[in-house]
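Please look at the structure shown here and follow the paragraphs below with it in view. They take up the spaces in the protein, then two single residues, and then the confidence of the model.

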Amino acid sequence: MVLIVDGLGNGYINPELDVKAIDGSILKKPGMSNLPKIYNQAAIFDSVYVPELKGNSGHNVIMTGNRDADDTMVGYDNASIYDVVKKHGYLTVGVLERGDSEEVVAEHDIVLHDTTNSINEPVIQVSVSGNKDIDALPLLTTEFETHASRALSRVESTPSGTIQRYYTYNELALDAAMDSINILENEGRDRKYFITVNIAALDTAGLYRGYEGYSQCIENLDSMIVPLYETCQENNLALVITSDHGMAFPDAESRGGAKSEKYASANEVRNVPLIILSPNIKQQRIRETIGQEDIAPILLSTLGIADRPAFCEGKEKNLKEYAVLKVVSPEITSMKLSSSGKKVCSGSNDSVYYITGLEKNKQYTLETVIDSSGETYKDTLSIENDRVIEIKEKDENQDSNTSPENNMHLVGGILIGVINLTGLTMIFRIMRN
């Protein structure tokens with residue numbers, strides 16, 4: 001479960017960071033009781049910096065691991081984290097209030113999304129891909145259609161212009177997310193799934209209701225996140241909380257911003273949260289600075305997936321206690337992995353091997369034999385992060401320089417060199433005399 005909270009700056013919820021207005025004054029942080037408890041159980045990044053903001057850039061960077069990603073790049077083959085997890089048997093489910101370009105919507109097997117990005121008059125639609133696995137989950141489609149049909153009436157049940165309408169808008173997405181988890185757990189027949197939830201009211205509150213409304217929405221998020229957190233814990237799911245960008249305010253009484261020159265360079269805009277709660281990751285605080293493009297490989301590593309999106313330039317940080325090795329061969333291959341002379345594992349009659357649970361920073365020896373040709377590969381590996389090893393067949397011309405014909409060319413070249421060198425020596429002597 002990946003929760004993207006639009007406009008949420010890290011400093012506003014991170015207990016160890018202060019937040020300042022552009023005029024240099026210290027802003028009073030929102031009152032929270034639940035997020036600090038989550039912090040004490042999670043892997044927390046203190047400094048995750050976004051690149052230059054433009055369009056839906058934050059969403060695209062998270063999805064592709066590329067700092068310059070745009071909507072078009074997201075739509076390329078194997079360009080997003082969704083493409084990668086699908087290859088590993090995951091169903092991709094989206095509940096999106098923002099960041100829902102056509103390309104992003106198309107990445108999901110099923111998605112509930114607001115086509116207007118309007119808090120007052122949302123138009124929620126359900127989009128379903130051609131994945132046959134969705135047909136096997138009719139309850140999920142029906143549930144999403146129910147949420148879509150009720151969205152406008154739920155929003156209009158709150159007084160227009162009040163902060164409560166912002167709260168309700170976010171609740172639409174979180175309620176749908178929890179209902180989808182319950183259906184997938186009960187009807188999914190052990191199907192793996194990857195859910196992305198994007199809530200947008202906080203961003204809009206900062207832009208139109210100033211720091212007071214922004215702070216109130218964070219406090220509301222602090223209470224709303226409890227059911228989602230508990231649902232993930234009960235179902236042994238990883239929960240990741242991050243944002244596309246933060247929000248800066250000229251002072252405590254003014255409206256905020258993020259993308260214009262006045263705001264874009266502020267630390268409150270550029271530093272976004274990255275909170276990871278996962279059964280395979282211990283509580284820890286990471287104080288080193290990373291980029292938003294690093295989120296994609298970190299997410300995939302958390303899932304134990306060594307593959308990366310095609311244009312990913314982010315760096316992985318393996319938070320697990322173990323590493324994963326993927327071995328890929330062009331043909332059917334036999335494989336053996338050993339350490340200190342003892343076999344760790346072996347396999348045969350396959351071209352792709354996934355080896356998980358490897359002890360980090362330990363020396364391993366990988367040996368493979370391509371069955372059809374008998375070609376061998378042997379290498380010593382020290383694995384800290386998840387790795388992909390590609391075994392390549394030798395080029396037919398790779399050893400041609402040792403053929404009789406090439407040997408003759410080599411000898412001829414040497415003789416010509418000797419003759420030329422002798423001639424130059426004689427000329428030098430004549431000139432000297």
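The lining of the second largest pocket is made up of 7 charged residues, 3 polar ones and 1 nonpolar one. This is a pocket in a predicted model, and its volume is about 160 Å³. Among the residues that line the second largest pocket are Glu 288, Asp 294, Lys 315, Glu 316, Lys 317, Lys 360 and Glu 384. Thr 289, Asn 318 and Asn 385 also belong to this lining, as does Ile 290. Because Asp, Glu, Lys and Arg count as charged, residues such as Glu 288 and Lys 315 fall in that group.

The largest pocket holds about 490 Å³ of space. Its lining has 23 residues. How do the residues of this lining divide into nonpolar, polar and charged? There are 14 nonpolar, 5 polar and 4 charged residues in the lining of the largest pocket. Nearest the centre of the largest pocket lie Tyr 90, Asn 236, Leu 237, Ala 238 and Leu 303. Three elements each give at least two residues to the lining: helix H8 (163–187), strand E6 (192–199) and helix H13 (295–302). Strand E6 has the largest share, with 4 residues.

A cavity is a different case from a pocket, because a probe fits inside a cavity but cannot get out, whereas a pocket is open. Rolling a probe the size of a water molecule over the atoms shows where empty space is left. Over the whole structure, the search finds 1 cavity of 30 Å³ or more. The largest cavity contains about 100 Å³ of space. Its lining consists of Val 95, Leu 96, Glu 97, Leu 112, His 113, Asp 114, Ile 124, His 147, Ala 151, Leu 172 and Ala 173. Two or more of these residues come from each of strand E3 (90–96), strand E4 (110–114), helix H7 (138–156) and helix H8. The largest share, 3 residues, is supplied by strand E4. By type, the lining of the largest cavity has 7 nonpolar, 2 polar and 2 charged residues. Helix H8 gives at least two residues to the lining of the largest pocket and two or more to that of the largest cavity.

Is Arg 67 buried, partly exposed or exposed? Arg 67 counts as partly exposed because its relative accessible area is 32%, and the class runs between 20% and 50%. Leaving out residues up to four places away in sequence, Arg 67 touches Pro 51, Val 61, Glu 293 and Glu 313. With one of these, Glu 293, there is a polar contact between the two side chains, at 3.2 Å. Arg 67 and Cys 312 are 245 residues apart in sequence, and their C-alpha atoms are 8.6 Å apart in space.

Ser 338 belongs to strand E10, which covers residues 322–339. With a relative accessible area of 9%, Ser 338 is buried, because buried means under 20%. Apart from its neighbours within four places in sequence, Ser 338 is in contact with Lys 343, Val 344, Gln 363, Tyr 364, Thr 365 and Glu 367.

Finally, the confidence of the prediction can be read from pLDDT. The protein has an average pLDDT of 89, and 90% of the residues score at least 70. Over residues 396–433, pLDDT stays under 50. For this stretch, the model has 4 contacts beyond four places in sequence.

Technical notes: Residues are numbered from 1 along each chain as its sequence is written. This is a predicted model: local features need pLDDT of at least 70, side-chain atom pairs count only at pLDDT 80 or more; totals for chains, interfaces and linings use all residues. Side-chain values use heavy atoms; hydrogens and water are left out. pLDDT is the predictor's confidence in each residue, from 0 to 100. Contact means heavy atoms within 4.5 Å. Buried means under 20% relative accessible area, exposed over 50%, partly exposed in between (1.4 Å probe, protein chains only). A polar contact is a pair of N or O atoms within 3.5 Å; within protein, one must be able to donate a hydrogen and the other to accept it, and residues adjacent in sequence count only if both atoms are side-chain atoms. On a 1 Å grid over the protein atoms alone, a cavity is a set of points where a 1.4 Å probe fits but cannot get out, and a pocket is an open set with protein on both sides within 12 Å along at least five of seven lines; lining residues have an atom within 4 Å of a point. Grid points are joined across faces, edges and corners, and a volume is the space filled by probe spheres set on the points.
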